[in-house]
Amino acid sequence: MLPAEEVTSRWMGRVSYLEALSLQEELAGRRASGETKDLFLTLEHFPCYTIGRSSQYEGEDLGGLPLIRADRGGGITYHGPGQLIGYPIFFLEKR
């Protein structure tokens, strides 16, 4: 069994989906280069929908909420206040 690695947890509050995505990409690059340790971000998103690469969504009314194309599989997912979101930024080769 490997020894436990330190993981820093950070509560981000309510963050837009695109802002959180940008932060994840930045932190993943810093983690891959060894500039930072493993992180676990927790947050909520402002209301929006994301849509995966393979979705065949054709554009119904979404109550005026933004629809964001995401680089993931799956269909449409709602994100909003009250949903706790966790984003791990881990160096998996060590785990």
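This is a short tour of a predicted model, one selection at a time.

**Colour by confidence.** Next, select strand E2, residues 38-45: confidence in the chain is highest here, at 96. Confidence is lowest in E4, with a mean of 89. Where pLDDT is low, predicted coordinates should not be read in detail.

**Select the three-stranded sheet.** Show strands E3, E4 and E5 together. They form an open sheet in the order E4-E3-E5, and the pairing is mixed. Which strands lie at the edges? They are E4 (67-69) and E5 (76-79), each of which pairs on one side only. Look along the sheet for its twist, which averages 30 degrees from one strand to the next.

**Zoom in on E3 and E4.** Select residues 48-51, which make up strand E3. Strand E3 pairs with E4 in the parallel sense, over three bridges. In general, the strands of a sheet pair through backbone hydrogen bonds, either parallel or antiparallel. Now pick out Ile51 and, opposite it, Arg69 in E4.

Val7 belongs to strand E1, which covers residues 7-15. Why does Val7 count as partly exposed? Its relative accessible area is 36%, and partly exposed residues are those between the buried limit of 20% and the exposed limit of 50%.

How values were computed. Residues numbered from 1 in each chain as written. Predicted model: local features only at pLDDT ≥ 70, side-chain atom pairs only at ≥ 80, totals over all residues. Heavy atoms only, no water. Helix = DSSP H or I, 4+ residues; strand = E, 2+ residues; numbered from the N terminus. Buried < 20%, exposed > 50% of the residue type's maximum accessible area, 1.4 Å probe, protein only. Pairing = 2+ DSSP bridges. Axes fitted to C-alpha atoms, helices over the stretch in contact; angles between N-to-C directions. pLDDT = per-residue confidence, 0-100.
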